[in-house]
Amino acid sequence: MTATTTSARSDLSELGRSETALRTFLHGLPGVDQVGAEQRAAQLGTRSIKTSAKAQAIDLAIRMVDLTTLEGADTPGKVRALAAKALRPDPADPSCPHVGAVCVYPLMVPHVAEVLRGSGVHLASVATSFPAGQAPLEIKLADVRAAVAAGADEIDMVINRGAFLAGRYSEVYDEIVATKEASGDAHLKVILETGELATYDNVRRASWLAMLAGGDFIKTSTGKVPVAATLPVTLVMLEAVRDFRAATGRQVGVKPAGGIKTTKDAIKYLVMVNETVGPDWLDPDWFRFGASSLLNDLLMQRTKLTTGVYAGPDYFTLD
Amino acid sequence: MFEYAPAPESRSVVDLKPSYGLFIDGRFVDPTDGGSFKSINPASEEVLAEIAEGGPQDVDRAVRAARKAYEKVWGPMAGRDRAKYLFRIARIIQERSRELAVLESLDNGKPIRESRDVDLPLVAAHFFYYAGWADKLPHAGFGSNPQPLGVAAQVIPWNFPLLMLAWKIAPALAAGNTVVLKPAETTPLTALLFAEICQQADLPAGVVNIVTGAGETGRALVEHEGVDKVAFTGSTDVGRAIARAVAGSRKKLTLELGGKAANIVFDDAPVDQAVEGIVNGIFFNQGHVCCAGSRLLVQESVAEQVLESLKRRMALLRLGDPLDKNTDIGAINSAEQLARIRELTEAGAAEGAQQWSPPCELPERGFWFAPTIFTGVTQAHRIARDEIFGPVLSVLTFRTPAEAVEKANNTPYGLSAGIWSDKGSRILWMADRLRAGVVWANTFNKFDPTSPFGGYKESGYGREGGRHGLEAYLNV
Amino acid sequence: MSERVAVRKTYKLFVGGKFPRSESGRSYLVQDSNVSLASRKDARDAVVAARAAVKGWAGATAYNRGQILYRVAEMLEGRREQFVALGVPGDEVDAATDRWVWYAGWSDKLPQVYGGANPVAGPYFNLSAPEPTGVVAVVAPEAPALLGLVSVIAPAIVTGNTVVVAASPAAPLAAVTLAEVLATSDLPGGVVNILTGRLSETVPTLAAHMDVNAVDLTGVTDPELAADLEVKAAENLKRVLRPVPPDHDWSADPGLRRMTALLETKTVWHPKGV
């Protein structure tokens, strides 16, 4: 049944050594009923978070933002401006916290690193031939090493969805292990690209696979396919990290990315974290939002709470 | 910690009068031979309004008004016109849904989240569904020209006051009957607001009559010579008494009574959804649900793990102010019901079952009971046999599918059952064998106007909802 | 030349597929034959037999039940003259035979007509299907002796119920002879149990019995008795079919009511997802 049902603190490290063992384990995880999972997510979405709770949630959400730009047109100037915003999201209000991290392509890492140095804001880089991951392993690992060498302390890798969907779990596993090794001290976020996994059963299996292989975070999406983060997908991933910690004692973070644009959305996620895995995960070390436009909406709502009047986009930077 | 600040729904949308009369022949009238009683908010014990108590003469007036309306107006009316009135009512319910939801939560104690997201949408949907039947009765499968019965006496419970009203009134009116409805004594207010909606819809006088009161009023109604049909939802004991009372009469009877549903969890269940289903099964509406999954039958091989997950989930349930939008568990409907829940749970503990509730602070005023589970329960325990009608779950275990069926069916009730498994053939095998009118597989407590609902054995007879629900109100 | 001495028939009860005498050892005289006078204990035994037969009969395929009911018609047709000799008009035997044929065909059609998919507002498979209620106690109409009896037994059993029938006290010979037809029709023992004797002895026991799921009071002519039986039936909420008026036309199209009144509708929900 669940991993929580395997005896507490099981040693699952041997699973990766055999394709059969890995497959048996992943297919032995409890199924996810789509309708039930979506209803639970929707029900959590009806929580009404107001006044002091909302203020608390907004500041927490800001601290959890991985402020992201992943465009072919990114330039040093663009990413430096983004990094500056990460440090002081609301220049008019020094009480506004900084975001969790800035997330860019490897080539942009040195430019961001200059700005963020010593700030406490993490520097994440997508690597491993993001977003498709369709490159030889050696090239992907070189991508990772380059990003780390340039100053990234978080690596967002993509899994090989083709191999996963074809049932070649060991291949996916080995790649994550290799990437983790290449990442060195940098935290490894494993992007499952849930929009391509088709079922919640697959999301659960991929989550476990990523955790078993050593991922520090599991992340929903690249943002480059039509379906990005959703509440029910995140729910299934949160259940996975909860069960994984119960089974192994190791805590893994979760990062929904893509499609989270409003404060209302972000609060729904925080409620879901609160009521699925609890306060241990309500921290930027364990939960992040991969987003860009979300930050400005959070800032506008924050201003509304402090001033009592609705803000307008002209008063916030568009970096 | 992430504490949710209070998020109360405003009660200003509700305009409560200090007192309410009976709704007879299209008007609110004072009782002729009855007194009055108070309806209180079970979450605060605050008096909400003074309610007329209908006596035998009032019941007689109401039945006569219904008879007259049946003979002169509603019976002869074309089905398509009856349909339009019902559609109109459905629309008004949607338009005034906030007001109705708040009033329901005030009077009943149920969380606003449920009255808003479950009760009210279902109420409107029920009227919509049956409205469409009014001009299609010859196609309902009961012959080419099915006829209404006449005057329907309807007595409903306090757990879903407005929804039960809808389940009773919508099919009765669609089929061409007129009704006299008695709401439960502790929850009359939404029925009285519904009476206002009937006025707003210009429903002809006497088609719907609402006579408030307690058990005696209900008895006078079902025993009245002038009624052709009796429909009751409530306890099996009262249902039995009604069945005796109508014996030998022409009155057609349908009963929707108690239950003690088994919610059966297999070792291959989608466990996170199963835990949600268990919680929804027994803690929805404080467990004041006749089809509540009050017996959890869990396969021994996963019992410990399921219970661990269940307890973790129960600790998240938010008990308190029913009007707070984040409340999951509201107030117990009455002091009387609270006493019954206490009595049965005390019996459970005395008989040796282990009682557990999450840390849960109960408000000082009002009627409250913490969500509770009993483990170590056997079939012989009272808490495994008697309907508690509260947020109390009895947990039993089983080893094989056949044992699960045997335990599930080992009860005089037969209203509902739940099955949780990822194996399709096992679900269908189980569904075939469970003696229950509604079987929820990998879900629980789902309702829909198109879906027949009703029990086997002592859970009553007849079905409400769907095409089947018309049969109760047609001369077939 | 001496006339051959006839072999007379003993008219006994029909319980669990066998033909026992009443445990009370009593009989009463009808048309020069001694007919068993069933007791309360016989009623009790018949309920036990009927309950034991439920699982197999309700669990049989509809196709199988239909075939067996059709087999009853075949057997009845073959014994036409036997009923005529008892005084049942030939037309009535024919009508009774045809009624078995009519009901035989319903076994695998009623669930389609009376159940079906419900278009609920959500991602669910939702299906309602009728199921037999279980053990049904039936009071057969006084007359017509054969057609009336067949018209109350066939609709009850075609859907998978089992029955304990209190035969018309005035016309038990046709009932016992029908039992012989049933016993030779591949009908499993206990599906139909027939008690002869006084209604006042057996029927109140059946109406009050807590292991009976429904009572069909069709043949009760005394309104007070009918009301009393209905009160007894209320104890465990038995489904009740009330008496029919004395002028009831048994040759008319019976419709579905006699079948549907003895059915439970079970609705099964399941989510639809990937």
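Student: Which residue in strand 2 of chain A does T68(A) stand opposite?

Tutor: In this predicted model, T68(A) stands opposite C103(A), which lies in strand 2 of chain A. The two strands involved are strand 1, residues 65–68, and strand 2, residues 101–104, and they pair in the parallel sense over three bridges.

Student: What order do the strands of that open sheet in chain A come in?

Tutor: Eight strands make up the open sheet, in the order 7-6-5-4-3-2-1-8, and their pairing is parallel. Strand 7 (253–255) and strand 8 (289–291) of chain A stand at the edges with a single partner strand each, so one side of each has no neighbour in the sheet. On average, and with direction ignored, neighbouring strands of this sheet are turned by 25° against each other.

Student: And which strands does helix 5 of chain A touch?

Tutor: Helix 5 of chain A, residues 109–116, packs on the sheet and touches strand 2 and strand 3 (122–126) of chain A, while the direction of the helix makes about 170° with that of strand 3.

Student: Staying in chain A, at what angle do helix 3 and helix 11 cross?

Tutor: The axes of helix 3 (residues 51–64) and helix 11 (residues 263–276) of chain A come within 10 Å and cross at roughly 90°, which means that helix 3 is roughly perpendicular to helix 11.

Student: Which residues make that contact?

Tutor: From helix 3 of chain A the contact takes A57(A), I58(A), L60(A) and A61(A), and from helix 11 of chain A it takes T263(A), A266(A), I267(A) and L270(A).

Student: Switching to chain B, are the residues on the two faces of strand 17 buried or exposed?

Tutor: They are buried on both faces of strand 17 (residues 438–441) of chain B, with V438(B) and W440(B) on one side and V439(B) and A441(B) on the other. As a general point, side chains in a regular strand alternate between the two faces of the sheet.

Student: What does strand 17 pair with inside chain B?

Tutor: Strand 17 of chain B pairs in the parallel sense with strand 16 (residues 416–420) of chain B, over four bridges, and W440(B) in strand 17 has G418(B) opposite. Between these two strands the chain passes through helix 14 (residues 424–433) of chain B, and this β-α-β crossover is right-handed.

Student: How many bridges join strand 17 of chain B to strand 10 of chain C?

Tutor: Three bridges join strand 17 of chain B to strand 10 (residues 263–271) of chain C, and the two strands run parallel. In strand 10 of chain C, V268(C) stands opposite V439(B), and T267(C) is the bridge partner of V438(B).

Student: So what does the whole sheet look like, strand by strand?

Tutor: It is an open sheet of 10 strands in the order 13(B)-14(B)-15(B)-12(B)-11(B)-16(B)-17(B)-10(C)-4(C)-3(C), with mixed pairing. Its edge strands, strand 13 (354–356) of chain B and strand 3 (116–117) of chain C, each pair on one side only.

Student: And how many residues of chain C are in contact with chain B?

Tutor: There are 27 residues of chain C in contact with 33 residues of chain B. On the chain C side, strand 4 (124–132), helix 9 (223–234) and strand 10 each supply at least two residues, and the largest share, eight residues, comes from strand 10 of chain C. That side of chain C divides into 14 nonpolar, seven polar and six charged residues.

Key. Residues numbered from 1 in each chain as written. Chains lettered and ligands numbered in written order. Predicted model: local features only at pLDDT ≥ 70, side-chain atom pairs only at ≥ 80, totals over all residues. Axes fitted to C-alpha atoms, helices over the stretch in contact; angles between N-to-C directions. Parallel < 35°, antiparallel > 145°, perpendicular 65-115°, else oblique. Contact = placed C-beta atoms within 7 Å. Buried ≥ 20, exposed ≤ 12 C-beta atoms within 10 Å, placed from the backbone. Pairing = 2+ DSSP bridges. Right-handed = clockwise from strand over helix to strand, strands pointing away. Nonpolar A, V, L, I, M, F, W, Y, C, P; charged D, E, K, R; others polar.
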